[in-house]
Amino acid sequence: MSDGKRASDFVDEDRLWQRQMYLATFGETPKGGVNRQALSAEEIEARKVLMDWSNELGLTAFVDDIGNLFFRREGLDPGLAPVMTGSHIDSQPTGGKFDGSYGVVAAFEAVQAIIDAGIELQRPIEVAVWLNEEGSRFAPGMMGSEAYAGVRKLKEMLPVTDREGVSVEDALPGALAATPAATHREFGYPVSAFIEAHIEQGPILEAEGKVVGVVTGIQGVRRMRVRVTGEEAHAGTTPTAERKDAIQAASKIVTELYARINEDPETKFTIGMMNITPNVPSVIASEVLFSIDIRHVESTYLEELALRVETICGEQDGPCEVEVWRIAESDSVYFDDRMTGAVEAACVALETPYRRMFSAAGHDARQLSYICPTTMIFVPCEKGISHNEAENATPGDLRDGACVLADVLTKLGNDTDTGATGA
């Protein structure tokens, strides 16, 4: 029992910040950011640090076949399914110190605060570290949470390769070998609830002077690829009329896409990757491969946009060939009212300024929402900048988010009404 103690009173701002900054040294970049992509040497070393933190707190470590890590503080009734919190530690190639990793560091801080307060909970509490949320090395992302929730099969993920041709199957053994003390766990181990702390990655909280975002859901997304295939030819000798110029054809498609997909201001349309073959100055390009990312809160309209993309690409077929396909798609999700209510109640009790908000970015919490009650806690990031080495957050905001998390975990850890078991 807690004897009236509140876990949030034992959250240590300096300890949280020092852990956050130490984790950022693994993959640190000259501009102050982080390049710690999934299953890289940098990420593997960071995983070892998490094992050290787990040992210091007396937690039990588990790992599954895709490399997700779980650190468990046992409950008074170990037969109850755990309350789970956490995020990811992989980053974009030019990512920041806080995206994903804050959710992991805050989870460790919240668990330590519960321990330091002497609070015993009925349910186990687990810190989850999901593999390859970003998808910057192995696309698409969310591999760890999707495998755990049964959204995708492991056999679909293992063959995925990075730009150098290294597959997930090739890289995974190194990560698994780095945590030999972790006990194997099967996918789909029951979870009573999941809550993910994260920087907002947008400007709303900072602009409104709010400290916490109570996240009510995540907008839908369609991720697509387009391949335009032409024919290599000499830049100086090939007549214009006879050219099959993949760049010219791709440029027309891109122009049409930006003109006809961005009609609704709520639509988030991005072409973030473009690969050109052979990509030399004096040769007409034979192939252009580019990415499409479309997001919108209304799932029906989002699907209409995806179909519109396919139509636009089809209109430009000839003299170059155009192929378009989807690599990932998710409709908007709405989080559990009981979970968002618990976060709101903690904010009120702590007198922490908050607002309810929808997440514009995707997170592992989406996948967990398919198998258990889920929500998220957002904290501000400076100017809303993320996926950028300039990403920044204040120690106080990180502390306040961890305080809310610690008190919500305490409440959920003593909630035995869901009936889920960990057997």
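A residue is called buried here when its relative accessible area is under 20%, exposed when over 50%, and partly exposed in between (1.4 Å probe, protein chains only). The model is predicted, so to speak of local features a pLDDT of at least 70 is needed, side-chain atom pairs count only at pLDDT 80 or more, and totals for chains, interfaces and linings use all residues. Numbering runs from 1 along each chain as its sequence is written, and side-chain values rest on heavy atoms, with hydrogens and water left out.

Aromatic rings make a handy way in. Rings of Phe, Tyr and Trp (for Trp, its six-membered ring) pair if their centres lie within 6.5 Å; planes under 30 degrees apart count as stacked, over 60 as edge-to-face and the rest as tilted. The structure has ten such aromatic pairs. In one of them, the ring centres of Trp17 and Phe98 are 5.9 Å apart and the planes stand at 35 degrees, so this pair is tilted. Trp17 belongs to helix α1 (residues 13-23), while Phe98 sits in the loop between β3 (83-88) and α3 (101-116), so the pair links distant parts of the chain, 81 residues apart. Helices (H or I, at least four residues) and strands (E, at least two) are DSSP runs, numbered from the N terminus.

Trp130 is part of strand β4 (residues 125-130) and Phe194 of strand β6 (residues 193-199), so the pair ties together parts that are 64 residues apart in sequence. Ring pairs also join Phe70, Trp130, Tyr148 and Phe194 into a cluster.

A charge sits over a ring if NZ of Lys or CZ of Arg is within 6 Å of the ring centre and within 35 degrees of the ring normal. Arg19 lies over the face of Trp53, 5.3 Å from the ring centre, and the charged end of Arg185 sits over the ring of Phe62, at 4.5 Å from its centre.

Next come the salt bridges, each a side-chain nitrogen of Lys or Arg within 4 Å of a carboxyl oxygen of Asp or Glu. A search of the whole structure turns up 30 of them. Asp9 and Arg6 form one, their closest N and O atoms being 3.5 Å apart; Asp9 is exposed at 53% relative accessible area, and Arg6 is partly exposed at 33%. Glu120 and Arg73 meet in another (3.6 Å, N to O). Glu120 is in the loop between α3 and β4, and Arg73 is in strand β2 (residues 69-73), so this bridge ties together parts that are 47 residues apart in sequence. Glu120 counts as partly exposed at 33% relative accessibility, whereas Arg73 is buried at 12%. For Glu146 and Arg152, the closest N and O atoms of their salt bridge are 2.4 Å apart; Glu146 is buried at 9% relative accessibility, and Arg152 is buried at 15%. Arg222, Glu303, Glu310, Arg326, Glu329 and Asp331 are linked in a salt-bridge network.
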